[in-house]
Amino acid sequence: MAWNAQDYLKFEDERTRPARDLLARVPIEAAERVIDLGCGPGNSTEQLVERFGLGAVSGLDSDDDMLEKARARLPFTSFLKADLSTWRPDAPANLLFANAVFQWVPGHLDVLADLMQTLAPGGVLAVQMPDNLGEPSHRAMEETGADGPWAQTFADGRVRRRPLPSPATYLERLQPLSSTVEVWHTVYYHPMANAQAIVDWVEGTGFRPYLAAVEPGLRDAFRRAYLTRIDAAYPPMADGRRLLAFPRLFLMAVRA
């Protein structure tokens with residue numbers, strides 16, 4: 001499935017905030033090799049360059065449109081096209097940083113454990129993932145998919161993103177490889193202009209696989225049906241805006 005960097009960047013500040021919060025917790029001040037895993041359009045890579053310097057940071061992503069935008073944004077930074085399910089660094093890194101990507105990687109617990117072993121001693125694996133499948137925004141995707149002329153497309157559940165493992169599962173898997181592991185949740189609350197703005201937000205990420213699965217001639221109807229559910233699920237506040245709650249899971253592991 002192709003991504004659209006322009007849709008993603010409509011809410012750049014909100015999407016970058018978790019990356020800034022994660023980076024603030026990284027316990028190293030200097031590094032020779034920092035890799036932004038799933039760098040997207042380079043908004044998180046830019047944060048890493050500001051912290052560690054231009055020569056230390058590179059990025060990778062699997063999507064051509066995202067990489068094009070990242071290279072335009074940071075023309076002196078190296079970006080690689082790669083699949084995180086199979087990619088491994090060719091030399092030890094001081095920091096492997098991943099903002100909102102591993103939720104899309106099947107079997108990512110195994111991948112994270114592998115990546116821990118590629119870090120230099122004292123190196124850091126820092127990861128943030130949306131943990132929002134229980135939110136109205138994502139329940140409405142399932143409900144919309146099950147109710148309409150497209151229902152058969154979604155009957156086998158293949159479009160649905162798998163829930164994240166429990167925090168204890170991450171701790172148990174990474175502790176034997178680490179001197180310290182931290183796992184925590186943060187819920188971000190984003191005031192959105194209206195229900196359509198929430199649809200625009202998710203169309204840059206989690207809603208894209210659902211739209212891609214629907215026949216092109218039915219996609220506008222699918223969007224409208226989803227918008228109707230979103231409008232009901234997020235009632236207006238006193239000023240007319242809708243409040244989008246967005247839970248995210250963070251983990252930080254330091255290699256022993």
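Modeller: Let's start with tyrosine 188, which counts as buried because its relative accessibility is 7% (buried is under 20%, exposed over 50%, partly exposed in between, with a 1.4 Å probe and protein chains only). Tyrosine 188 sits in strand β6 (DSSP runs, numbered from the N terminus: strands are E, at least two residues; helices are H or I, at least four). This is a predicted model, in which local features need pLDDT of at least 70 and side-chain atom pairs pLDDT 80 or more, while totals for chains, interfaces and linings use all residues. Residues count from 1 along each chain as its sequence is written, and side-chain values use heavy atoms, without hydrogens or water.

What surrounds tyrosine 188? Setting aside neighbours within four places in sequence, tyrosine 188 is in contact with Arg17, Pro18 and Asp21, and also with Leu244, Ala245, Phe246, Arg248 and Phe250 (contact means heavy atoms within 4.5 Å).

Not counting residues up to four places away in sequence, isoleucine 198 touches Leu244, along with Met192, Ile230, Tyr234 and Arg242. Isoleucine 198 belongs to helix α8 and is buried, because its relative accessible area is 0%. Along the chain, isoleucine 198 is 24 residues from leucine 174, yet their C-alpha atoms are separated by 35 Å.

Now for the nonpolar cores (sets of buried Ala, Val, Leu, Ile, Met, Phe, Trp, Tyr and Cys residues joined through side-chain atoms within 4.5 Å). The largest one has 43 residues, and Phe52, Leu95 and Phe207 touch the most other members. Helix α8, residues 195-203, gives the most to this core, with six residues. There is also a second, separate core of 28 residues, with Leu60, Met129, Leu174 and Leu251 among them. In soluble globular proteins, nonpolar side chains tend to be buried together.

Pick out leucine 95 next. Leaving aside neighbours within four places in sequence, leucine 95 contacts Val26, Ile28, Arg33, Val34 and Ile35, as well as Leu48, Phe52, Leu119, Val124 and Ala126.

Seven of the nine residues of α5 are buried, so the helix is mostly covered. Those buried residues are His108, Leu109, Val111, Leu112, Ala113, Leu115 and Met116. They pack against the strands β1 (34-37), β4 (93-99), β5 (119-130), β6 (178-192) and β7 (242-255), and against helix α7. So β6, the strand that holds tyrosine 188, is among the partners of α5.

Aspartate 114 is also in helix α5, but it counts as partly exposed because its relative accessibility is 35%. Arginine 88 lies 26 residues away from aspartate 114 in sequence, and their C-alpha atoms are 8.1 Å apart.

Finally, look at alanine 100, in the loop between β4 and α5. Alanine 100 has a phi near 60°, a positive value in a residue other than glycine. Most residues other than glycine have a negative phi. Alanine 100 counts as partly exposed because its relative accessibility is 22%.
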